[in-house]
Every structure is written in structure tokens, then in C-alpha cells.
Amino acid sequence: MEGGGTPPETLKEERQSGCVPPTSLEGNSLKKSSWGFLFTGIVGGTLVAVYAVATPFITPALRRICLPFVPATAKQIENVVKMLRCRRGPLVDIGSGDGRIVIAAAKEGFTAVGYELNPWLVWYSRYCARREGVQASAKFYISDLWKVTFSKYSNVVIFGVPQMMLQLEKKLELELEDEARVIACRFPFPHWTPAQVTGEGIDTVWAYDASSFRRSKKRP
Ligand SMILES: C[S@@+](CC[C@H](N)C(=O)[O-])C[C@H]1O[C@@H](n2cnc3c(N)ncnc32)[C@H](O)[C@@H]1O
């Protein structure tokens with residue numbers, strides 16, 4: 001039967017020369033494989049993005065001292081601000097999370113700094129500080145709290161975990177000036193006697209004065 005299309009001899013020649021135009025079957029499989037590549041790309045990209053975002057939140061739990069991101073409650077922040085009344089000088093929040101304490105302190109007129117290990121939280125804190133109009137007095141740095149020296153701060157805020165408080169107590173005793181005040185949220189320091197305590201339950205906040213914890217060092 002005579003039909004249209006390429007005569008069989010031409011096809012044979014094209015096949016021999018290696019320049020065969022794709023048949024519709026080959027075209028379909030090419031289309032399928034491009035969809036396959038696209039799908040693999042999207043799934044792979046999504047997994048990489050999820051990994052990049054989630055890892056900084058998960059790794060604190062794998063450290064020797066597990067200090068996860070748990071943001072301060074509004075009441076806790078209110079109690080911290082109460083403990084800062086009549087205080088002056090630079091303030092630091094050790095493990096600043098999403099920056100809420102630093103931003104609250106900056107709104108109270110402090111030059112406030114947050115050190116935080118998780119870069120996403122630092123970038124988000126910077127964004128929030130800008131949004132709240134305190135970017136000039138609220139600064140955030142990606143840093144490991146154990147590698148920072150806190151000697152220049154007269155107001156130190158920490159929302160830590162019980163496992164780290166003894167080690168931090170020793171570090172701050174060595175580093176802080178006598179006029180410094182340390183404010184602990186939710187978990188107190190093991191050996192220091194607080195000058196003031198406010199709030200209750202998870203919102204409890206303790207304030208310690210360096211002059212008095214230096215004098216009454218009674219650790220074993
Ligand atoms: C309990 S949250 C407190 C967050 C914030 N200060 C607040 O009160 O909302 C502790 C923060 O410390 C951070 N962190 C954990 N290990 C750290 C380290 N070695 N150096 C600096 N920050 C750390 C965590 O990522 C988390 O954001």
C-alpha cells in the first residue's frame with residue numbers, strides 16, 4: 001500500500017548516518033525523562049532546603065549541653081524588664097533565640113546584643129529589630145556562647161537549662177565586672193544568692209548582682 005511519510009530507503013539511510021529524527025515514541029520518552037529530571041530536582045531541592053533550615057534547630061539537641069530554642073513568654077519578658085529597672089549600660093542575651101529579649105531591652109533604651117548559634121534565628125532577629133525600628137541599638141551575632149567573653153556587659157540575660165548553669169556561673173564570675181547584674185529566666189544559678197526574684201512557675205526570673213556573688217563564693 002502506498003502511503004505518505006518517509007520512504008523506507010530514506011529511513012534506512014538516516015539510521016545508517018546516525019541522524020534519525022525522534023519518532024513520536026522516542027519523543028514521549030524524552031518528555032517523560034525531562035519530567036523525571038524536573039521531579040527529582042524539585043524533590044532534591046526541597047530536601048536540601050528542609051535540611052538547611054531544620055539542622056540548626058536540631059543540632060543544639062545533639063550537643064553535650066542541650067539548649068534548644070524555646071522562646072521567652074510575654075510574662076517572662078515583662079519580668080526581665082522589671083529587673084532591669086534603673087539599670088544602665090550594655091546588655092547581652094546569651095542564646096538570643098528570635099531576639100525578643102534583646103528587642104524588648106532596646107525598646108527600653110538599652111544598647112542590646114544577642115549571641116545565638118542558629119543563623120536562621122539571627123537573621124530573623126535582625127529582621128524583627130528592623131521591623132520594630134530598633135536596629136541601631138539591637139545587634140545580633142552568630143556565635144557560640146562558650147566562645148564569647150561577656151566582660152563588657154553590665155546586664156546579662158540568660159534563659160538556659162539546668163545542665164549549663166554551673167559552667168556558666170563559673171564563666172561569668174571570671175568575666176563580669178562588679179557592677180554587672182545577671183538575670184536568669186526559668187532556671188536559677190546553683191550557688192548564687194539572688195538579689196531579687198519575680199514571677200512564678202515558668203515565668204520566674206532571678207536577678208543576681210556580681211558584687212554579691214563574688215563576695216559570697218561558696219562553691220565546693
Ligand atoms: C531557651 S532559648 C532562649 C531564647 C531567648 N533568649 C528567649 O529568651 O526567647 C536558648 C537559645 O540558645 C541557643 N543556643 C543553644 N546553644 C547555644 C550556644 N552554644 N551558643 C549560642 N546560642 C546557643 C538556642 O539556639 C536557643 O535559641
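Student: Which residues does G89 touch, not counting residues up to four places away in sequence?

Tutor: G89 touches S154 and N155, with residues up to four places away in sequence not counted; contact requires C-beta atoms, placed from the backbone, within 7 Å. Please note that this is a predicted model, in which local features need pLDDT of at least 70, side-chain atom pairs count only at pLDDT 80 or more, and totals for chains, interfaces and linings use all residues. Residues are numbered from 1 along each chain as its sequence is written.

Student: Why does G89 count as partly exposed?

Tutor: A residue is buried if 20 or more other C-beta atoms lie within 10 Å of its own, exposed if 12 or fewer, and partly exposed in between. G89 has 14 C-beta neighbours inside 10 Å, so it counts as partly exposed.

Student: Why is strand β7 called largely enclosed by the rest of the structure?

Tutor: Four of the five residues of β7 (residues 205-209) are buried, and therefore the strand is largely enclosed. A strand here is a DSSP run of E with at least two residues, numbered from the N terminus.

Student: What makes β5 and β7 a pair?

Tutor: Pairing requires at least two DSSP bridges between two strands. Five bridges join β5 (residues 181-185) to β7, and the two run antiparallel. Within this pair, R181 stands opposite D209.

Student: How do you know that β6 pairs with β7?

Tutor: Three bridges link β6 (residues 196-198) and β7 in the antiparallel sense. V197 has W206 in β7 as its bridge partner.

Technical notes. Contact = placed C-beta atoms within 7 Å.
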